[in-house]
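Biologist: I am new to this structure and would like to learn how to read its features. Could we take them one at a time?

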Amino acid sequence: MITVEHLTKCYGDFMAVSDLSFEIDEGHVYGFLGPNGAGKSTTMNIMTGCLSATEGHIRINGYDIFEEPEQAKKTIGYLPEQPPLYMNETPAEYLRFVGEAKGLKGEKLKRQIEEVASQTKIEHVMDRLISTLSKGYRQRVGIAQALLGNPKVIILDEPTVGLDPIQIIEIRDLIKQLGENHTVILSSHILSEVQAICEKVLIISKGKLVAFDRPENLEKLLLSSNGISFTAEASREETEEILNEVDRITKWDVETQEDMLTVVTIKTDSKDMRDICRQIFFAFANHKIAVLEMASKKANLEDVFIELTEGESGVGEE
Ligand code: ADP
Ligand code: MG
């Protein structure tokens, strides 16, 4: 449905997007995940025909965004990072304006406005000035304009930024609903957000694609981050001897050892952390050695993200 090939964008000497290639299939919710300054907005602006590329090709529903922008753009609805809302207009006026710009008119325009207003649940604020609406409602109006013309693909740049927690939940629910009938691409720098909404995640760092997978597979990427740590009331030698008896544990680190207290961390790629914890517990219990503390930590997308983007915080960007 969307093919991006070797996309590169330079602002002067600075390469904001570098040789980015990926494919988007129909009917899923995709997440662009990356720290501020990673190149998410630049990529989205190019995909939606709002910005030119330095190099590369993009095809949307078979249309080349650079060569057949009119047809390509008809199949995309876009909510930019800073939606161009006109504060002294009402949503009704604004949506009419956007709809006309998309080539809709008459009854069809009226029907579509009613439809998108109902989808985004803004019917009751249609005649209020946009300037008087909460940020959550403004974002709904922004999503409503993206939906006009019934495009197959909806692209949303950081749709929940600046919203309060309740508004965030509402917008996420709305996005999930949209995903039932559209291909949705959203960007976010919040891991839990893409984990909650997206079926596939593209992690972008410094303009490059560093991972593209389902959220649960990204977690598997960092199997080694699954860890258990515990404190045994034993010497280092005794502790290691007992660990050698435990199936499925082949590697460990002794963190500290003093006063017959040995702190050990174990990295494991097992999904069944509980079973390993249980085995450790009984192995030590069989030797009448107390395990005083035990904690397990499961790798999540956060770990994958940190690992993949290694130390890049994007501080000072945006
Ligand atoms: P993101 O949306 O992931 O935060 P952007 O695509 O906005 O990232 O920006 C990527 C990089 O390109 C950043 O370092 C940003 O400062 C830079 N950048 C973005 N727009 C411009 C511009 N118009 N001119 C120069 N540099 C830009
Ligand atoms: Mg951005």
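Biologist: Is Arg 278 buried, partly exposed or exposed, and what is its relative accessible area?

Modeller: One caution before the answer: this is a predicted model. A residue counts as buried under 20% relative accessible area and as exposed over 50%, with partly exposed in between. Arg 278 has a relative accessible area of 40%, so it is partly exposed.

Biologist: Which residue does the side chain of Arg 278 meet in a salt bridge?

Modeller: The partner is Asp 275, at 2.9 Å from N to O. Asp 275 is buried, at 16% relative accessible area.

Biologist: How many salt bridges are there by this rule?

Modeller: The count comes to seven. One of them joins Glu 114 to Lys 110, with the closest N and O atoms 4.0 Å apart. These two residues are four apart in helix α4, so again about one helical turn lies between them. Glu 114 is partly exposed, with a relative accessible area of 48%, and Lys 110 also counts as partly exposed, at 48% relative accessibility.

Biologist: What about Arg 172, and with which residue does it form a salt bridge?

Modeller: Arg 172 pairs with Glu 193, and their closest N and O atoms are 3.0 Å apart. Arg 172 belongs to helix α6 and Glu 193 to helix α7 (residues 191–197), so this bridge ties together parts that are 21 residues apart in sequence. Arg 172 is buried, with 19% relative accessible area, and Glu 193 is buried too, at 1%.

Biologist: Next, helix packing. At what angle do helix α5 and helix α6 pack, and how far apart are their axes?

Modeller: Angles under 35 degrees count as roughly parallel. Helix α5 (residues 135–147) and helix α6 (residues 165–181) pack at about 15°, with axes 10 Å apart. The two are therefore roughly parallel to each other. The crossing of α5 past α6 is right-handed.

Biologist: How does α3 pack against α5: at what angle, and with what distance between the axes?

Modeller: Helix α3 (residues 91–101) packs with α5 at an angle of about 25°, and the axes are 9 Å apart. That makes α3 roughly parallel to α5. The crossing of α3 and α5 is right-handed.

Biologist: For a whole helix, how many of the residues of α1 are buried?

Modeller: In helix α1 (residues 40–47), seven of the eight residues are buried, and the helix is mostly covered. The buried residues include Lys 40, Ser 41 and Met 47.

Biologist: Which value of phi does Lys 121 have, although it is not a glycine?

Modeller: Lys 121 has a positive phi of about 55°. Its place is in the loop between α4 (106–119) and α5, and at 45% relative accessibility Lys 121 counts as partly exposed. Lys 206 is another residue that is not a glycine and has a positive phi, of about 50°. Lys 206 is placed in the loop between β9 (200–205) and β10 (208–213). With a relative accessible area of 54%, Lys 206 is exposed.

Biologist: Where is Asp 157 placed?

Modeller: Asp 157 sits in the loop between β7 (153–156) and α6. Asp 157 is buried, with a relative accessible area of 1%. To read its position, compare sequence with space: Asp 157 and Ile 185 are 28 residues apart in sequence and 8.3 Å apart from C-alpha to C-alpha.

Biologist: Last, the surface. Which residues make a nonpolar surface patch of about 280 Å²?

Modeller: To join such a patch, a residue needs over 30% relative accessible area. The patch is made by Phe 281, Phe 282 and Met 294. Phe 282 is found in helix α10 (residues 273–286), and with a relative accessible area of 47% Phe 282 is partly exposed.

Key
Residues numbered from 1 in each chain as written. Chains lettered and ligands numbered in written order. Predicted model: local features only at pLDDT ≥ 70, side-chain atom pairs only at ≥ 80, totals over all residues. Heavy atoms only, no water. Patch = residues over 30% accessible without salt bridge, like charges linked within 9 Å, V, L, I, M, F, W, Y side chains within 5 Å. Areas by Shrake-Rupley, 256 points an atom, 1.4 Å probe, with all protein chains shown as cover. Buried < 20%, exposed > 50% of the residue type's maximum accessible area, 1.4 Å probe, protein only. Axes fitted to C-alpha atoms, helices over the stretch in contact; angles between N-to-C directions. Parallel < 35°, antiparallel > 145°, perpendicular 65-115°, else oblique. Left-handed = near helix turned anticlockwise from the far one by under 90°.
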